[in-house]
Each structure stands twice: as structure tokens, then as C-alpha cells.
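Please read them alongside the sequence and the coordinates.

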Amino acid sequence: MQNIQELKSFISQCSMNRRLEFDANDITGYIDAYLLKQEQESTKDQTYFNEENLVSSVLDLFIAGTETSSTTIRWGILLMMKYPEIQKRVQEEIKTHIKPGQLPTVEDRRKMPYTDAVIHEIQRFGNIVPLNLSHSTPSDVYLRGFLIPKGTEVIPFLTSVLYDKTQWKTPNDFNPNHFLDENGKFVRHDAFMPFSVGRRACAGEGLAKMELFLFFTGLLQAFTFYPPPGVSREDLSLKPAIGFTLELTKAETYFNEENLLSSVLDLFAGGTEGTSTTIRWGILLMMKYLEIQKKVQDEIKTYVKPGQLPRVEDRKKMPYTDAVIHEIQRFCNIVPLNVSHSTATDEYLRGYLIPKFSMTRPNGKHPMISIPITLDENGKFVKHNTFMPFSAGRRACAGESLAKLELFLFFTGLLQAFTFYPPPGVSREDLNLKPGVGFLLLPTPYMTCAKPNY
Ligand code: HEM
């Protein structure tokens, strides 16, 4: 968060400097173009071209553009250490086409098909954005007889194309020949789509391709990369670290010091943000639905004596509160994409083959904007088979019962002590329930007025 703040201040400073030197007849970059648009739209009542969007869109470019290019280069260096014969061929091509002491230029790429093929193959093999960015259907869509309703979140799985057995000779191997014909000429491939496709494909594709060529060629012109002392080529693992899972290669026992630290860290990481985000959603929803907050507080008053804190055993006696907590979890859907899983064997699902080791993301439906309470007609709490904010199956959340216990104690304890209202000047209707999209769906950050109940 601190890094983001620093980046934002840096961008604000840059935009202020550009504003001072602004000349509509001399547009030198993105910020200038934005300022020009801002000037053109200055008479409109509403415009997207405000200061906040300037900072956010420049920040987007930094975020989208740095980690991706540097990760690709890291893959490139690893692959060159693993395949020195390929590294050598790239270096020979560099020596043939770039004079010693001169840096590579963008124009050199066309003359260097082997290097170009190697960079393309690094991107295909590295497959650094396997799940792409999520998209959403703007209307009902039919795909192979299946209806994908309007507003469905769709995750275009780039791995399925970059590793498609029907498209690549040796999809699981690093093989620059995928991009070379029998005469050593570079050939394009329709299934090469590390930047995605369509109207929302990577906005920086041209820039990224230029950067990758210049950085990769420049590095291999200046250096030859070897594994560090004590590590052989064979030792170098090409297995990517997937999401938040632990990389446990080569361990004789899993119970070493490193795994102890990592697994305790996992418990902290898995346990803190998830629970606190749910409580934040709970407070926001209680500010929005004061009548529900009141019913919870009435139940608390009935079953928890004043001055006593709620206990785990109270939950069974408090179906309404229990239902509200469940509904908060269903509604806020904080881990919409779950954690990635991988198929252990070939699986068939509704006639489709999901090959062994495919990465899958169990993805729930987006909740409706309403807060129905899961109680039967007698006011008893009812379980729901589709309530799975902790996922399902053998790899479901390891902390489910601890989290449920915490959520009950924290939520009930907070509502016992306080009543939550929107901050001054903000009405209930103003409170926006649209989540911010990240790995976790976060609620809009509002101030809250917490009025003590005693
Ligand atoms: C190796 C480098 C890169 C790779 C593999 C990559 C890949 C991607 C992918 C897969 C997407 C999602 C497209 C989709 O939603 O269908 C994306 C989006 C985007 N990328 Fe890149 N990217 C790279 C470098 C860059 C650079 C250098 C920039 C700009 C400085 C950039 C800016 C963006 C932006 C702004 C978007 C969002 C586009 C939109 O939503 O309309 N990327 N990128």
C-alpha cells in the first residue's frame, strides 16, 4: 500500500510538472494527451478526464507494464541458463547483426528471426498471465450450445491456448522451432496470445514487444548466463509457482524449517485479511440496513446478558444473527475466484475434457444486490448447499470453523457494544455496495459512526 501511495504521489508530481509546461501544439506523451483532452472537455458537466483518473490510469500503466515485462525477462534468463545451446545461438545472431559496442535497436529484430522466435517461445512457455483478466458478458451469449447469461464473469484461460496440444508440436517443451519454418524464417502463430485477444487485449503489447527485444538482446549481448555455483542445469526447475501454493520441489521431508515458516505465514495470510474484510462488509451492510442491525441487536439483548461478552455457544440460540452473518458472507463473496486448483487426472465435465494438471478456478456466481435472510418460516436457521464462501471439497478453507467462530464473536461483540451509522453527510442510499476488484473483493472504504450502546 505504501508503494502504491508513493507511486501515486510521484505521478501527481509528474502531471503537475507537465501541466506547467503544457503546450497543446507539442504533445510529448500520455500525460500531455490526457491534459489536452481535459482542456477540450472542460466545458462539459461530466467528464472522465479528472485528476484522479489521470493518476489512476498512469498507475495502471505502471502496474500492468512493469511486473509483466520483468517476469518475462526473468523467465528468459532462467531458460537461457537451462538451455545454453539456445543462448549460444542467440548470441551468435547478435554478433552477426549488431556491431560490438552498439546497443540493439528495434529495427534489428526483423533481421534476427532466431532471437525473435526465442523471445516468442519464452512468452508462450512462461505463460505469465495464465488466467488473463476477468471479463464480463455485456449480453446473453451462446457458446457451443451453452447459455452464458448477461453479466457473467468470464475468465479466458490463456493456458488452454498457449499449451494447446492441437496447436503446438511440443506444447510442454521449450522449443523455439515453434516459431521457425524449415528455412529458419520467423513464422507467426495464431495460438500465440500471451497478450490476450480482442478489443480489451493488452494495451501495451507493442511497447512490451519492443522492450522484451531490447532488454533480452541487450542482456545476452553483454552477458552469458550460467546457473550459480553448486546448481546444475538439470537442477533448474521450470515449474512455475502457482498463485499462493507452496513450491515443495526436491524436499526430502516436507517438515523443514522453511515449510514451517511458510505454513504459519499461510495461516496468518489466509486468516487475517479474509476475516477482517468480511467484518468490514458486515459493518457497511449494517449501516445500510439499519432495521437488520436492530433485529440483530434485539437478539443479542435477549440472549447475551449486559456486561457479558458473546460466547460461541450463544450462536445456536441466535438464528437471526447466524443467518445475517451467513448472508454477509454470501453477499460479499470476498474470494470470487477462489484459489487455483489443478486436476490430478484427466477429468470429463459435461462432455469437456479437462486434461491432467490443468489449472482451474472454481468460480461462483456474482451475488444479487439484496439481503434475504436464510431463515425458514418459523425463524429457524436453514443450511444451504450453495453456501460455499469457504469453497468445498478436500482443499476447502482449512480455517473454516475458526473463521466462523471469529465472525460470530467479533460481529456480535461489535453490535452488542455499538450501533453503526453512515458518517455525517452520507445517507444510507449513498452507501455503495459495489465491490472494489482485487484478489479479494473489498467494500468501498467509508468512515463509520459507531455510537456506543451503553
Ligand atoms: C510481457 C509483457 C506483458 C504481457 C504478457 C501482458 C499481458 C496482458 C494481458 C493478458 C492483459 C489482459 C487482456 C484482457 O483482459 O483480455 C493485459 C492488459 C493490459 N496491459 Fe498488458 N501485458 C504486458 C505488458 C504491458 C505493458 C508494457 C503495458 C503498458 C505500459 C501494459 C498495459 C496493459 C493495460 C493498460 C491493460 C488493460 C487493457 C484493458 O483492460 O483494456 N501491458 N496485459
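1. The chain has eleven helices and ten strands; helices (H or I, at least four residues) and strands (E, at least two) are DSSP runs, numbered from the N terminus. This is a predicted model, in which local features need pLDDT of at least 70 and side-chain atom pairs count only at pLDDT 80 or more, while totals for chains, interfaces and linings use all residues. Residue numbers start from 1 along each chain as its sequence is written.

2. Along the principal axes, the C-alpha atoms occupy a box of roughly 85 × 65 × 50 Å. Of the 454 residues in the chain, 17% are buried. Burial is a count of other C-beta atoms, placed from the backbone, within 10 Å of the residue's own: 20 or more is buried, 12 or fewer is exposed, and in between is partly exposed. Taking contacts between residues at least 6 apart in sequence, 66% link residues at least 24 apart; a contact requires C-beta atoms, placed from the backbone, to lie within 7 Å.

3. The shell around the ligand has 21 residues, and Gly-65, Thr-68, Ser-196, Cys-202 and Gly-204 come nearest. A residue is near if its C-beta atom, placed from the backbone, lies within 6 Å of the molecule or strand. Two or more residues come from each of α3 and α7 (205-222), and α3 gives the most, with seven residues. By type the shell holds twelve nonpolar, seven polar and two charged residues. Here Ala, Val, Leu, Ile, Met, Phe, Trp, Tyr, Cys and Pro are nonpolar, Asp, Glu, Lys and Arg are charged, and the others, Gly among them, are polar.

4. Helix α3 (residues 51-82) also packs against helix α5 (residues 113-126): their axes come within 9 Å and cross at roughly 105°. That makes α3 roughly perpendicular to α5, a label for angles of 65 to 115 degrees (under 35 is roughly parallel, over 145 roughly antiparallel, the rest oblique). Axes are lines fitted to C-alpha atoms, for helices over the stretch in contact, and angles run from 0 to 180 degrees between N-to-C directions. Thr-72, Trp-75, Gly-76 and Leu-79 of α3 meet Ile-122, Gln-123 and Gly-126 of α5. Three of these residues are nonpolar, four polar and none charged.

5. Leu-36 sits in helix α2 (residues 30-40). Leaving aside residues up to four places away in sequence, Leu-36 touches Ala-24 and Ile-27.

Methods: Contact = placed C-beta atoms within 7 Å.
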